[in-house]
Amino acid sequence: MSQIYDLRSALELLKTMPGQYVETDVPVDPKAELSGVYRYVGAGGTVKRPTQIGPAMMFNNVKGHPGAPVVIGVLASRARVAAMLGTTPDQLGFLLKDSVSKAIEPIVIPAEKALCQEVVHRADEPGFDIRKLIPAPTNTIEDAGPYITLGMCYASD
C-alpha cells in the first residue's frame with residue numbers, strides 16, 4: 001500500500017480498490033442532482049436504514065463550474081477510511097486515539113512550491129463570490145443554499 005498524504009493520494013488508492021471508486025464525465029447540476037446521483041450510486045438509492053455502502057464518486061463535469069470536480073463519499077465507510085490509514089476497521093478507533101499522543105511535526109512547504117497555491121482568490125478582489133468558485137452542492141431543491149459537509153481544514157500560518 002502506498003502512503004496516503006493528501007486527497008490526491010487517497011483517491012489514487014481508492015482507484016486500486018475494487019468497488020471503492022467511480023468517476024463520471026456526464027454533466028451534473030450541483031443543485032440537488034449531484035447528491036441525488038450519489039445517493040443512488042453511493043448509498044443504493046432511497047432505502048431504509050442502514051443505507052448501503054457504495055463507492056466514493058468523482059463528478060468531473062459540474063454545471064457552472066468548469067474545471068472544478070467534486071468528490072463525494074470518500075470517508076463514507078469505516079473500511080475505506082481504515083484502508084487509507086493503513087489499518088483495519090476494528091483497529092481504526094485505536095489508531096486515531098493513539099495518533100493524538102504520537103503527533104508528528106508538519107512538513108512546511110514554501111508557498112511558491114505548494115500545490116494548494118496553484119490558484120489563489122482573494123476576498124477583496126472585485127467580483128469575488130465564493131459561491132461561484134466552489135461547486136458546493138445542495139442535497140435537495142428545498143435547501144436554503146449550497147453547503148459542504150465535513151469540510152475540514154487544520155492549518156496554521
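## Ground rules

Helices here are DSSP runs of H or I with at least four residues, strands are runs of E with at least two, and both are numbered from the N terminus. By that scheme, Ile134 sits in the segment after helix H5 (130–133).

This is a predicted model, so to speak of local features a pLDDT of at least 70 is needed, side-chain atom pairs count only at pLDDT 80 or more, and totals for chains, interfaces and linings use all residues. Residues are numbered from 1 along each chain as its sequence is written, and side-chain values use heavy atoms, with hydrogens and water left out.

## The chain as a whole

The chain has five helices and three strands. Read from the N terminus, the order is α-β-α-β-β-α-α-α.

Of the 157 residues, 26% are buried. The cut-offs for that word: buried is under 20% relative accessible area, exposed is over 50%, and partly exposed is in between, with a 1.4 Å probe and protein chains only.

## Salt bridges

How many salt bridges does a search of the whole structure find? The search turns up three, where a salt bridge is a side-chain nitrogen of Lys or Arg within 4 Å of a carboxyl oxygen of Asp or Glu. Side chains of opposite charge can pair when their charged atoms come close.

One of them links Glu12 to Lys15, with 3.2 Å between the closest N and O atoms. Both residues belong to helix H1 (residues 7–16), where they are three residues apart, about one turn of the helix. Glu12 is partly exposed at 45% relative accessibility, and Lys15 is partly exposed too, at 44%.

Asp98 and Lys97 pair at 2.7 Å, N to O. Asp98 is partly exposed at 29%, while Lys97 counts as exposed at 54%. Then there's Asp129 with Arg131, whose closest N and O atoms are 3.0 Å apart. Here Asp129 is buried at 18% relative accessibility, whereas Arg131 is exposed at 60%.

Start with Ser35, which is in helix H2 (residues 33–43). Is Ser35 buried or exposed? Ser35 is buried, with a relative accessible area of 9%. Skip the neighbours within four places in sequence, and Ser35 touches Thr138 and Asn139.

Next up is Val71, in strand E3 (residues 70–72). Val71 is partly exposed, at 24% relative accessible area. Which residues does Val71 contact, leaving aside neighbours within four places in sequence? They are Leu7, Leu11, Met57 and Met58. Met57 is 14 residues away from Val71 in sequence, yet the C-alpha atoms are 5.6 Å apart.

Ile134 itself is partly exposed, at 35%.

Conventions: Contact means heavy atoms within 4.5 Å.
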